[in-house]
Structure formats: C-alpha cells, structure tokens
Amino acid sequence: MSVPVRYYCPRCKTIVTLQRAGRLADKSVTPVPLEGWSYADIDGDYEPADGVRIVCGESQTDGEGCGEPYYLNFVRFEAGREIEPVPESERVTLASDGPRRPSSPDEPDQSL
Ligand SMILES: [Zn+2]
C-alpha cells in the first residue's frame, strides 16, 4: 500500500511528491547523505533501502527545482534501538567550534 507524501527541497523549498509505503517512518530530509544509510533511486525500490535520493527538479517535482540532489532518510533500527546518524555537516560544526581560548591570568600581553 503506497501513499503520496510530499517533501520540501532543503535548498530551494521545491515540493516533491513520492509514492511510498506508509509504514516507513521518516527521520529527516538532508542535503547530504547520512553516513551508514543506503539510498534508493527515486523510482527504485524503497523497501530494502534506508532512504531515497531525490534530485530536485526531476519529474517528481511540481516546480522548477534547483537540480541538486537531496536525501530522504528513513528511521533505522538496530537491535530495537533507533540509530542516530552522524552527518558530515555536524562533524564540521563540531570541529570548527574549538579550541576555545582559555582565560589565563598568567598569559603575558606584551604584543605591543
Ligand atoms: Zn531544490
């Protein structure tokens, strides 16, 4: 039993309509693939995949689209627990967050 489900492109907000099984649980839509997820083509078989690779602007979209791929991610379970993705973008955010400059009263400030 498949149902039409609409998603927005994370880049340009163009709507895409997919025919998919209603029992599959969506997790997120991301502009990059999640590590460990395998993706089906938009007209492929979604059941064995962990998500769908959507190309914005192709036949399933209602509007113009930006032509860039994005990814619908299904919820994945392993041994009854939901798997949390580790997207590349999150790592980049973490890496660029530090190192924090410690406040040190002993640090000499004689650069002038
Ligand atoms: Zn788009």
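**Close-up views of a predicted model**

**View 1. The largest nonpolar core.** Twelve residues make up this core, 12 in all: Cys9, Val16, Leu34, Trp37, Tyr39, Tyr46, Val52, Ile54, Cys56, Tyr70, Tyr71 and Leu72. Such a core is a set of buried Ala, Val, Leu, Ile, Met, Phe, Trp, Tyr and Cys residues joined through C-beta atoms within 7 Å. Buried means that 20 or more other C-beta atoms, placed from the backbone, lie within 10 Å of a residue's own. β5 and β6 are the elements that give two or more residues here, and β6 supplies the largest share, three residues. Strands are DSSP runs of E, at least two residues, numbered from the N terminus. This is a predicted model, where local features need pLDDT of at least 70, side-chain atom pairs count only at pLDDT 80 or more, and totals for chains, interfaces and linings use all residues. Residues are numbered from 1 along each chain as its sequence is written.

**View 2. The open sheet.** Here you can follow four strands in the order β3-β6-β5-β4, with mixed pairing; a pair needs at least two DSSP bridges. Because β3 (26-30) and β4 (39-41) stand at the edges with a single partner strand each, one side of each is left without a neighbour in the sheet.

**View 3. Where β5 meets β6.** Strands β5 (residues 51-55) and β6 (residues 69-74) run antiparallel and are joined by five bridges. Look for Ile54, whose bridge partner in β6 is Tyr70.

**View 4. Around Trp37.** Setting aside neighbours within four places in sequence, Trp37 is in contact with Asp50, Gly51, Asn73 and Pro85. Contact means C-beta atoms, placed from the backbone, within 7 Å.

Key. Contact = placed C-beta atoms within 7 Å.
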